[in-house]
Amino acid sequence: MNNAVFPLTQTTTPAISVTGVSKYYGQFPALNDISFQIGAGESAALWGPNGAGKTTVMRCLLGLTKYQGKILVGGYDPVAEGQQARTAIGYVPQDLPVQPMTVGEMVAFIAKLKRAPLGDSLDRLALLGIENQADKEIRALSGGMKQRLALALALMGNPSILLLDEPTASLDAKGRADLLQLLHGLKRNGMTLIFSSHRPEDVLALADRILMLDGGGLSEEQWPNAF
């Protein structure tokens, strides 16, 4: 992977602010009055057992579900000001939806949606070391290559915040180390990261803070980054 990173404008405003947020599915409290803030350039890990609320937090931040309470992402409400909030966010799903198109066609499509220059968008492929995959069908990519493509797509449009769902799940040891190094470089340049992972070593390597979710509740741990 190319180790180049893209500098971001620094700000003292919290990148993500969550205040008194609750989300119920019927009578089940997926999130129960949780609050936290993440500053620009910080990295926070969502940690907890299956069903703890990690995915629900991400869905709320992306404005994909309604909730009680207040959320600001890049200063915008992700439900009421969805377009502005989504401009601030790059999202990396655990599994990239496979479309019947080539890598290059997907990049051009996402660049158009994000109103991002195509040249800059293709640079993201080089950053992830997959520029030679542009003519390949997405469905023909390995799991690791699909994960790199997902991150390249998320970085298009210069978001200031990255949300990552199990970002190293499909990577071998070298790919995982390369990705963690890249994410650490992005963080050093001011990008805010919030990610879920089932790998304790990833959390220790990248997170400044752990947001520990269980039964819809939240507790927090913090320590100097160990990367």
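**Cavities.** A cavity here is a set of points on a 1 Å grid over the protein atoms alone where a 1.4 Å probe fits but cannot get out. I noted a volume of about 40 Å³ for the largest cavity, a volume being the space filled by probe spheres set on the points, which are joined across faces, edges and corners.

I then listed the lining, meaning residues with an atom within 4 Å of a point: V18, V21, L31, I34, F36, V57, C60, L61 and I71. The elements that give two or more residues to this lining are β1 (16–25), β2 (28–38) and α1 (54–61).

**Helix packing.** I next turned to helix α3 (residues 103–114) and helix α4 (residues 118–127), which pack at an angle of about 130° with their axes 9 Å apart. These two helices are therefore oblique to each other, since oblique covers whatever is left after under 35 degrees (roughly parallel), over 145 (roughly antiparallel) and 65 to 115 (roughly perpendicular).

I wrote down the contact (heavy atoms within 4.5 Å) as made by V103, V107, A108 and A111 of α3 with L118, S121, L122 and L125 of α4. Its residues divide into seven nonpolar, one polar and no charged.

**Notes on method.** I kept in mind that residues are numbered from 1 along each chain as its sequence is written, and that side-chain values use heavy atoms, with hydrogens and water left out. In this predicted model local features need pLDDT of at least 70 and side-chain atom pairs count only at pLDDT 80 or more, while totals for chains, interfaces and linings use all residues.

Key. Axes fitted to C-alpha atoms, helices over the stretch in contact; angles between N-to-C directions. Helix = DSSP H or I, 4+ residues; strand = E, 2+ residues; numbered from the N terminus. Nonpolar A, V, L, I, M, F, W, Y, C, P; charged D, E, K, R; others polar. 1 Å grid on protein atoms, 1.4 Å probe; cavity = no way out; pocket = protein on both sides within 12 Å on 5 of 7 lines; lining within 4 Å.
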